2 protein chains.
Amino acid sequence: YMLPKPQGLTMVNQVQRVDGSWQTSKSDSSGASNSGESSKESSRCSTPLLDADRSDRLREKMRKRMESGDPWFSLEFFPPRTASGAVNLISRFDRMGSGGPLFIDITWHPAGDPGSNKETSSMMIASTAVNYCGLESVLHLTCSNQSQETITGYLTKAKQLGLKNIMALRGDPLGTDWEDEEEGFNYATDLVKHIRSEFDDYFDICVAGYPTGHPEAQSYAEDLQHLKEKVDAGADFIITQLFFRADTFLKFLRDCRAIGITVPILPGVFPIQGYQSLRQLVKLSKLEVPEEIMEVIEPIKDNDAAIRSYGIHQAVEMCRVLLDSGAVPGLHFYTLNREVATTEVLRQLGLWIEDPRRPLPWATSANPKRKVEDVRPIFWASRPKSYIYRTQDWDDFPNGRWGNSSSPAFGELNDYYLFYLKSKSSKDALLKMWGEELTSETSVFEVFTSYITAQVNRGGHKVMCLPWNDDALATETNLLKDELEKVNRRGVLTINSQPNINGKPSSDPIAGWGPAGGYVFQKAYLEFFTSSENVTALLKVLKKYEPRVNYHIVNVQGHNMTNAQDMQPNAVTWGIFPGREIVQPTVVDPVSFMYWKDEAFALWIEQWAKLYEDESPSRMIIKYIHDNYFLVNLVDNDFPLDSCLWQVLDDMFELLDAPPEVVGDGALAPVALGDGALAPVGLGDGALAPVALGDGALAPVGLGDGALEPVVGDGAPQPLSASQ
Amino acid sequence: YMLPKPQGLTMVNQVQRVDGSWQTSKSDSSGASNSGESSKESSRCSTPLLDADRSDRLREKMRKRMESGDPWFSLEFFPPRTASGAVNLISRFDRMGSGGPLFIDITWHPAGDPGSNKETSSMMIASTAVNYCGLESVLHLTCSNQSQETITGYLTKAKQLGLKNIMALRGDPLGTDWEDEEEGFNYATDLVKHIRSEFDDYFDICVAGYPTGHPEAQSYAEDLQHLKEKVDAGADFIITQLFFRADTFLKFLRDCRAIGITVPILPGVFPIQGYQSLRQLVKLSKLEVPEEIMEVIEPIKDNDAAIRSYGIHQAVEMCRVLLDSGAVPGLHFYTLNREVATTEVLRQLGLWIEDPRRPLPWATSANPKRKVEDVRPIFWASRPKSYIYRTQDWDDFPNGRWGNSSSPAFGELNDYYLFYLKSKSSKDALLKMWGEELTSETSVFEVFTSYITAQVNRGGHKVMCLPWNDDALATETNLLKDELEKVNRRGVLTINSQPNINGKPSSDPIAGWGPAGGYVFQKAYLEFFTSSENVTALLKVLKKYEPRVNYHIVNVQGHNMTNAQDMQPNAVTWGIFPGREIVQPTVVDPVSFMYWKDEAFALWIEQWAKLYEDESPSRMIIKYIHDNYFLVNLVDNDFPLDSCLWQVLDDMFELLDAPPEVVGDGALAPVALGDGALAPVGLGDGALAPVALGDGALAPVGLGDGALEPVVGDGAPQPLSASQ
């Protein structure tokens, strides 16, 4: 497109409205934006939504928030010690991320192999926060006792992982006294300089400030000068050590400004959460707790609840003074990896966003590589981290549309990936939810039904998750609860669904997403496992719904039935916004469905069957389902009308319930199983094709001529009957 | 995306429904389509709509139509002699193209510099048909007396222009007798071989068949053998010389099949349209008119209407016999560049498509380079050929979305381009429509109003076109007729508009487009020229419509005012279809608007002002408008509600009509014009900025603080007043 400019088009005065005021800016008539980063990475296919925001770097985000007088908060976490601790921390990221922190930061644990690929390392936790939780993140990095090569290696790795911000620290000496290194780094300033010299302006850099002076500093004044050196070396903002009095910080702030430090300075806030943790922290940081605080705490030191309550109160009071000063653009919280106290302080301050506006229906990743991404297949809606993991090697990401021709190469289901697959619940808890002992397929139907209804199962336990759903039902899915319960009871084992939506405001609290003033739409979607018998009836029923309903039906071997005319994706979620192109963030993509199918079937075995002993009836039942059920997805294209998908299933049940003379003898009972008993041992080979299908597709059965042909079925009672 | 395939995904049996029957086909699990061409040119961003159809080549289209028993027609034209003849022929392509020909063909006139860039050459006419009219076209090519290099040059040029089909002919000898050439081509067979050897399978090749034998052939049998040789050399289908009896063709067809010619053979149909043209044609083609026809014609040879009527009757009868034979897949018409007879024959045969389904709201181009194109700026809606011309050098075309970052480099407004700009009407006719003499801006308002209302103007003439609209109002625009009339009368000179549409069926006869079963949407759009005084009031009014209405307002110098937050395009037409991603074929793109602005303003001068003498008052009035008016576009983003754009204009008029004390003194009257008289001579320098704007933008006026500042205006009567 870069032909010479047409005559008569030189410079154009553009008047743009920014935050309610009018500004005039000069711009090239080509319309390229002023942002160098943005235009450099642009292409005709780049995302139309929030592009400018996504390309923002942290310091720019801060600048904009300061300009609009909109105070922010940030959250500090430390890396976990165990893999299950990592799973829990990542869940906490998701929950606390929903409150709207401007960023989080992850401390650097030199003793914990912080730059490694271990799932507990500082590097990997920060990477997970960015890539999988979509959080702007700052990775701490200490330089003491490190060679320049090692540090450069860490930074290179961080950049490759999509990390964009570094908190540059000296770190503690290995011994008791600090010794200057000739080749290495002596001060955080050296690290800041190194980052700038090796990585230019790529990273946003944070440095630490000490409101009462660094414990090792000669004097408060000298320490301020060190801070100024760090900023002069290229630091973009400052986070302070914790303190207990607002005045401490405000004086420090004035002193910093007085010597010419102009970057943002964020107070480090530590809500007291317990007597012991306070003592330990004070000892490590060599801080003194003010008398007035000790006087309150000492008398209640054995009452944890009272101390926490006081800690929240004290932090809220202090933060109010800080914010009221008008000199504090944001608050930084030392969370100690805990949620309650910090969240409560933020709620009381009015900084916690109860209903953060979603830019898209799914959580976006903060990796700059993915910033244009705005389309995903719907299949991973309940497993977004799995989707991100399996697509992490992609060089570019679909935006604007999914497209229909490229083969999306999804990463394999490997060991590391299983970390993200892993349930947060223990094996014991899972058995209680999903059944200590399964006696038939009906036992499985009941698990799904309990999950949908949020009622306790036979054993008195609530089913809080399923292998395909780590969390409780989404608010939106709850709209479909009654219908979902009914069909799960009868062996339509739903794992994903959405209702149709015909133009709700983008601000709708449940269905809304995207910028204000828009309208969002959805096609009704339903995805479930069900038996081959049900599928046979379903296929017959679906003929009545041509071309309104699109379907894809596949079993574990990949036998695939569809009425889609070609391999094109079907957009099932889209939004129309003022001054934007259409955004269509969710599609049913037939090609991706085949990759999802592998994952969806594997979860039966990896997450559920393996809870039971080898060869146990429980395991065999799950394995039977894995080997013989089909994964079905249905889309009702007629989004302005009430969804017909429940009627489709009603029709299917009606056909199955009809007396034999009506059904004909084509009911696809797994008669080849022979003896009418539960899951015979012969099922163990793992590659058993759906009975009656031979090695072909199900297609010849009842599809060609509108009649259910008596292929193999003879109306015999099914050994594994549906529950009713 | 081309990582190794994940495990467990090998071959998938796909069951796809094709034309009501079920077929099982093997497909790679990647989901790549079977079409080599399609997958080769695919990318993630390729168009989701009708891609397979667009990538079809002519012979494939024929094959599919034959398979589904769907007979087609095609139309033959010869190149015009004059430039105005070319303009007329292109209009005829548009009109006859709407009836749904499978293809048209353009004869090769060796004496008329057929391969040149002249607008009347065979090459350029065929190129125009493909690129601008969206018609599948076959270019004739004769090889007699041509060197291989010349022929290769023609073919290379044809390919570069997007032509895909060649009718390979020998052509007539230069002298009376044919002499074999050693280096050149002696027979059409040589040309077919040459095309295949030099261009492989790129072109679809047609050859001529002679139902009564070629006049120069030794015998009918020998001529059949020559035809077989042409087909064996690589011809894809045959069109026959005209004939007068169905039996003649059907015998020829049987004889061809008998000797092993299997390609489609299309009968050449010649509706008799006059006595002289019949005699001339018969003489040239050395054919004999059957007795039974001459017996009818001779008695009425001086009655043109009677002969035409008979010709239609005779052609219809013959075609019915041909189609009823079941052996004729399509009919080829020798139109002699006339419309009526052929159209009437096709109507009577039921082959003329009265309401061809539009794949997109605008006519697509048939150039293979543009086959993925499915998004265009709305500005060129009434000048699609101009848009195609100005984007002909693009390497790739936007599909799926317009995107916001690339600079779309539009071709310059040059001489050749003016060919496409040129009105079909004579200067005299234009003066009658647009005014022999303009006395004020009001005269111009009246021209626009007459165009909208289709009522005669003061001089008693209908205004059938405007510089920005070659044709009468679109059906859709007619829906807005009353509102348009009202605002044009008051100097809001509309040149483009569309109503809002909230989910009409894609089959809607007026608003519908795209595949069946879908829904189409539009945001209301209005584009007009208006005075700076009106713009000042409009900008004040528009504040009440934030953020519902997006606007772009620009004058000829490029001073641009907008409330768009960035340079992103706004989708104003989109469709939701079963099993597809969203299609959004029309956008308001701020960057393209600046290019369109140049064209829109230039039309005032090039098409209108230049009708009048230099320095004449009429010309000065148009020039004043060109120099001082603004081009405005408005989008109402709230498509589910009734359009508010008329209310916006009502509010603007109300503000303008209010007594001075309410308007304030900010009415931006062009007081600098000074003497209150019409268009003073000082306007002649062509670079006069809108008065009161100085060299900056209009922005400071009434924008910054919500009040209309008294910048220069003093409420003095405007020298060029609005009509009311």
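Visitor: Quick one to start. Are Arg196(A) and Asp236(A) buried or exposed?

Guide: Both Arg196(A) and Asp236(A) are buried. Keep in mind that this is a predicted model.

Visitor: What do the side chains of Arg196(A) and Asp236(A) form?

Guide: They meet in a salt bridge, 2.9 Å from N to O. The pair links distant parts of the chain, 40 residues apart. Arg196(A) sits in helix α7 (residues 188-199) of chain A. Asp236(A) is in the loop between α8 (220-232) and β8 (237-242) of chain A.

Visitor: Which residues are linked with them in a network of salt bridges?

Guide: The network also takes in Arg57(A), Arg59(A), Asp201(A) and Asp204(A).

Visitor: Give me another one. What does Glu339(A) meet in a salt bridge?

Guide: Its partner is Arg95(A), at 2.6 Å from N to O. Glu339(A) lies in the loop between β10 and α13 of chain A, and Arg95(A) lies in helix α4 (residues 83-97), so the bridge ties together parts 244 residues apart in sequence.

Visitor: What about Lys623(A)? Which residue does it form a salt bridge with?

Guide: With Asp627(A), the closest N and O atoms being 2.9 Å apart. Both residues lie in helix α22 (residues 617-628) of chain A. They are four residues apart, about one turn of the helix. Lys623(A) and Asp627(A) are both buried.

Visitor: New topic. Which residues touch the most other members in the largest nonpolar core?

Guide: Six tryptophans: Trp468(A), Trp604(A), Trp608(A), Trp468(B), Trp604(B) and Trp608(B). That core has 179 residues. Apart from it lies another core, of 70 residues, with Trp108(B), Phe203(B), Ile261(B) and Met318(B) among them.

Visitor: Back to Trp468(A). What does it touch?

Guide: Leaving out residues up to four places away in sequence, its contacts include Phe448(A), Ile495(A), Phe529(A), Trp596(A) and Leu603(A). Trp604(A) and Trp608(A) are among them too.

Visitor: Why would nonpolar side chains be buried together?

Guide: In soluble globular proteins, that is what they tend to do.

Visitor: Now the backbone. Where is there a cis peptide bond?

Guide: In chain A, one joins Glu546(A) and Pro547(A), with omega about -10 degrees. Pro547(A) is in the loop between α20 (532-542) and β16 (549-555). In chain B, the bond from Glu546(B) to Pro547(B) is cis, with omega near -10 degrees. Most peptide bonds are trans.

Visitor: Which residue has a positive phi although it is not a glycine?

Guide: Asn337(A) is one, at about 60 degrees. It is found in the loop between β10 (330-334) and α13 (340-349) of chain A. Asn337(A) is buried, with a relative accessible area of 10%. Ala454(B) also has a positive phi, near 60 degrees. Ala454(B) is in the loop between α17 (441-453) and α18 (475-478) of chain B. At 36% relative accessibility, Ala454(B) counts as partly exposed.

Visitor: Last thing. What is the mean pLDDT of chain A?

Guide: The mean is 81, and 79% of the residues in chain A reach 70 or more.

Visitor: And where does pLDDT stay under 50?

Guide: Over residues 1-55 of chain A, for which the model has 145 contacts beyond four places in sequence. It also stays under 50 over residues 662-724 of chain A, with 109 such contacts. For the complex, the predictor gives an ipTM of 0.73 and a pTM of 0.75.

How values were computed. Residues numbered from 1 in each chain as written. Chains lettered and ligands numbered in written order. Predicted model: local features only at pLDDT ≥ 70, side-chain atom pairs only at ≥ 80, totals over all residues. Heavy atoms only, no water. Helix = DSSP H or I, 4+ residues; strand = E, 2+ residues; numbered from the N terminus. Buried < 20%, exposed > 50% of the residue type's maximum accessible area, 1.4 Å probe, protein only. pLDDT = per-residue confidence, 0-100. Contact = heavy atoms within 4.5 Å. Core = buried A, V, L, I, M, F, W, Y, C linked by side-chain atoms within 4.5 Å. Salt bridge = Lys/Arg side-chain N within 4 Å of Asp/Glu carboxyl O.
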